Amino acid sequence: MPEGDTVWQTARRLHTALAGRTLTRTDFRVPKYATVDLTGRTVLDVTPRGKHLLTRVEGGLTVHSHLGMEGSWKVYADQQRWTGGPTHQIRVILTAAPATDTRTGKDTGTGIGTARTAVGYRLPVLDLLRTTEEHRTVGHLGPDLLGPDWDPDRALANLLADPARPLGEALLDQRNLAGIGNVYKSELCFLLRVTPWLPVGALPARHTAQLPVLAKKLLEANRERPVRSTTGRRGQDLFVYGRADRPCLRCGTPIRAADQGDGSRERPTYWCPDCQAGPTPSTPPGSTAHPRTQHRTTN
């Protein structure tokens, strides 16, 4: 599931493949940009911002994309078979010429296999905008957990601005801090021993200051990994996410699952009813039952 670490990895892969190279083919398969042609322009860089990707090209333009739940970018060499999905799911194609030595102008690769094509599949958001206007699409975001603007004090202040809001919802709000999705939301709440439905203002003081630090630690630890892990255990990558009805790795109690939010978007949420204190969808609003008591009353 694309979250901040996945987007960071995608940006690095795209930057390595495209930055410093001249585009030889561009194909935008969305009606609004169907006639756009960026061939002849050099790709300057690919930068992640929370869950957003900004591909900046010569001439002051930025290709802005968002992976959503199912989107992906794949990079292919010449003659390599495209395997990211059926053709009708392709939203954009960017092909870049082989990299050249800036001093000699000669190919720095080995010939035919050095050109690269980036293909965007199932992208729910794809825009072309002026680089100077990037703020219109990402300016609302809070501090980026993996970005140069990371500010734990500001992130914490954002989270605490609405103390009655459930912690899980506050963590998913990219205006508070950028990069957390359903996986890290569930895992963070488990590590803090509270349910995602606990109001932010009810978070124990010892955990409040720890929250942004722990969030950053988890994403940083996974941005270089092919398989995301929050446990540090081989073969047991996650504590609760995706583990409904399986035993908790800490206490053995079956993990529970429910949707969180207003139902307008899919928000799968997982928690241990024994290890995590706070309300759940099965407990009355305002309940502050001890987790063990809660486990008995919500089964």
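Asp27 stands opposite Ile93 in strand β6, where strands are DSSP runs of E with at least two residues, helices are runs of H or I with at least four, and both are numbered from the N terminus. The model is predicted, so local features need pLDDT of at least 70 and side-chain atom pairs count only at pLDDT 80 or more, while totals for chains, interfaces and linings use all residues. Residues are numbered from 1 along each chain as its sequence is written, and side-chain values use heavy atoms, with hydrogens and water left out.

Strand β1 and strand β6 (residues 90–96) pair in the antiparallel sense over five bridges; two strands count as paired if DSSP finds at least two bridges between them. Strands of a sheet pair through backbone hydrogen bonds, either parallel or antiparallel. The two strands belong to an open sheet of four, in the order β1-β6-β7-β5, with antiparallel pairing. Its edge strands, each pairing on one side only, are β1 (23–28) and β5 (72–77). Neighbouring strands of this sheet are turned by 15° against each other on average, direction ignored. Axes here are lines fitted to C-alpha atoms, for helices over the stretch in contact, and angles run from 0 to 180 degrees between N-to-C directions.

A second open sheet of four strands has the order β2-β3-β4-β8, and its pairing is antiparallel. Here β2 and β8 are the edge strands, each pairing on one side only. The twist averages 20° from one strand to the next. Within this sheet, β3 and β4 pair in the antiparallel sense over six bridges, and Leu54 has His64 in β4 as its bridge partner.

Helix α1 (residues 4–18) lies across β5, β6 and β7 (116–121), running at about 30° to β5. Helix α1 also lies across β2 and β3, at about 175° to β2. Contact means heavy atoms within 4.5 Å.

What do these elements contribute to the interior? In soluble globular proteins, nonpolar side chains tend to be buried together. A nonpolar core is a set of buried Ala, Val, Leu, Ile, Met, Phe, Trp, Tyr and Cys residues joined through side-chain atoms within 4.5 Å. Buried means under 20% relative accessible area, exposed over 50%, and partly exposed in between, with a 1.4 Å probe and protein chains only. The largest core has 26 residues, of which Phe28, Leu38 and Trp73 touch the most other members. Elements giving two or more residues to this core are α1, β1, β2 (43–49), β3 (52–57), β4 (61–66), β6 and β8 (125–130). Helix α1 gives the most, with five residues.

Helix α7 (residues 210–222) has 13 residues and reaches 19 Å from its first C-alpha to its last, close to the 18 Å expected at 1.5 Å a residue. That expected span is 1.5 Å times one less than the number of residues. The buried residues of α7 are Leu211, Pro212, Leu214, Ala215, Lys216, Leu218, Leu219 and Asn222. Among the elements that cover them are α1, α3 (152–160), α4 (167–172), α5 (182–191) and α6 (205–208).

Side chains of opposite charge can pair when their charged atoms come close. A salt bridge is a side-chain nitrogen of Lys or Arg within 4 Å of a carboxyl oxygen of Asp or Glu, and by this rule the count comes to eleven. Glu220 and Lys216 are four residues apart in α7, so about one helical turn separates them. Glu220 counts as partly exposed at 33% relative accessibility, whereas Lys216 counts as buried at 19%.

Arg228 forms a salt bridge with Asp5, with the closest N and O atoms 2.9 Å apart. This pair links distant parts of the chain: Arg228 is in the loop between α7 and β9 (256–259) and Asp5 is in helix α1, 223 residues apart. Both Arg228 and Asp5 are buried.

Back in the region of Asp27, the side chains of Arg25 and Asp27 meet in a salt bridge (3.6 Å, N to O). Arg25 is partly exposed, with a relative accessible area of 36%, and Asp27 counts as partly exposed at 22%. Arg25, Asp27 and Arg29 are linked in a network of salt bridges.

For the protein chain as a whole, the secondary structure comes to eight helices and ten strands. Of its 299 residues, 50% count as buried. Among contacts between residues at least 6 apart in sequence, 62% join residues at least 24 apart.
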